[in-house]
Every structure is written in structure tokens, then in C-alpha cells.
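Open the model in your viewer and keep the sequence panel beside it. The stops below are given in the order to select them.

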Amino acid sequence: MTQEKEIHFTGYEHQISTWSDLNPAERFTLLILQQLAEVSKDPRGTYITNERLASMVGLHPNRISSTITKLKKKGYITVQRVGATGRYIKTRDYNHKSTTYTVAEQVKGIIKYVNTLLDSNPQNRDEIEEVDDTYSKAFNKAIIFYKGSDNLKEYINNHVDTFNNIDTLDDWLEDRGFK
């Protein structure tokens, strides 16, 4: 095994050992979701149904559904529903529970994420629409209101249409009293 592959494998071994609150099915499901996340180019996450994930993991779709719910409650993933059976799933960094970010770092991360959503909207292609530092105070207030950037990002993921258009984003910030 090459040193690079060995280091990568050791990283997974360390990562998995920190998941002491997960059962084997949850661990395996999370590993599959992380692998899918690594190749997904969609900022909303990986689009997947229970049936498709069940075929990969080797569990019944009902068991996958409850596993996804548990992973979400434990903070390992965020879920954005699409239609009756579909959803986008984003995995969180494996050490997210032990990483603390300053409010300024959280604001910078949210601004970067919202800009990714703005860039992904074909309607914004004609104009360069971007959230810049003038939005810092507004997103700072939003992060405080939502008790952290993870919660705000989950809200954003569930309301992408509001955040992928600069006008609706401005309206949302003003309506909530953040701007």
C-alpha cells in the first residue's frame, strides 16, 4: 500500500472510531454517504432515495429511512426534501462536533455558501450577483438567531429558492430584520 493510501485509510479508521454513538448500520450508511458527497458537484448535497441507498448499503428502504433520521438527529448529516421520496443529503465533516468556529468564520462560510447557490442559478448568469462583506452584519444576526451557522445552513438548504436569487435573498434578510 502506498503511503498516501495508507494515510487516507488511517484517516478513515480514526474517523470511524470517533463515531461511538453510531451502530454498524449507521456507520456504513454514513461512509457510503460521505463517498457519494465526495463526487457530488451539487451544493445542496447528494440526491438519493431510500431505495437507491438501500441497494448500496444492503438494508431495507424502511431501515434506511430510520437510519437517515437518526444520522440527522445526531448531527452527522443535513437533509433537504425534494418531492415525496427524494432528498439531498449533505454529510458534515467527521470532526464537526469538536470544531468551534468564531462568528466571523461562520459568517464568512455562510457568505461563501450563499455565493455558491447564487452561482448555480442560471438566471444569475447575465449579471454577476454576489453577496459581499456588506452582508456580514445581516448574516451575523441570522447566525445568532438560528443559534449557529449549521442551523442557518440547514434552513438555507430547505429554502434554496430564497437564497439562489439576490432579490429574494435581500427580501428575506429585510423581512426577518437582519438587514
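Select Glu26 and Lys74: in this predicted model the two form a salt bridge, with their closest N and O atoms 3.1 Å apart. Glu26 sits in helix α2 (residues 24-39) and Lys74 in the loop between α4 (61-73) and β2 (77-82), so the pair ties together parts 48 residues apart in sequence. Colour by accessibility next. Glu26 is buried, because its relative accessibility of 2% falls under the 20% cut-off. Lys74 is partly exposed, at 28%.

Select Glu154 and Lys72. Their salt bridge has its closest N and O atoms 3.7 Å apart. Glu154 belongs to helix α7 and Lys72 to helix α4, distant parts of the chain 82 residues apart. Lys72 is partly exposed, with a relative accessible area of 38%.

Now select Arg44 and Asp42, whose side chains meet in a salt bridge at 3.0 Å, N to O. Arg44 is partly exposed at 26% relative accessible area, and Asp42 is partly exposed at 24%.

Last, show helix α5 (residues 103-120) with helix α7 (residues 149-158). Their axes are 10 Å apart and the packing angle is about 15°, which makes α5 roughly parallel to α7. The crossing of α5 past α7 is right-handed. To see the contact, display Gln106, Ile110, Tyr113, Val114 and Leu117 on α5, and Ser149, Leu152, Lys153, Ile156 and Asn157 on α7. Coloured by type, the residues of this contact are six nonpolar, three polar and one charged.

Definitions and conventions: Residues are numbered from 1 along each chain as its sequence is written. This is a predicted model: local features need pLDDT of at least 70, side-chain atom pairs count only at pLDDT 80 or more; totals for chains, interfaces and linings use all residues. Side-chain values use heavy atoms; hydrogens and water are left out. Axes are lines fitted to C-alpha atoms, for helices over the stretch in contact, and angles run from 0 to 180 degrees between N-to-C directions. Helices (H or I, at least four residues) and strands (E, at least two) are DSSP runs, numbered from the N terminus. Angles under 35 degrees count as roughly parallel, over 145 as roughly antiparallel, 65 to 115 as roughly perpendicular and the rest as oblique. A crossing is left-handed if the near helix is turned anticlockwise from the far one by less than a right angle, and right-handed if clockwise. Contact means heavy atoms within 4.5 Å. Ala, Val, Leu, Ile, Met, Phe, Trp, Tyr, Cys and Pro count as nonpolar, Asp, Glu, Lys and Arg as charged, and the others, Gly among them, as polar. A salt bridge is a side-chain nitrogen of Lys or Arg within 4 Å of a carboxyl oxygen of Asp or Glu. Buried means under 20% relative accessible area, exposed over 50%, partly exposed in between (1.4 Å probe, protein chains only).
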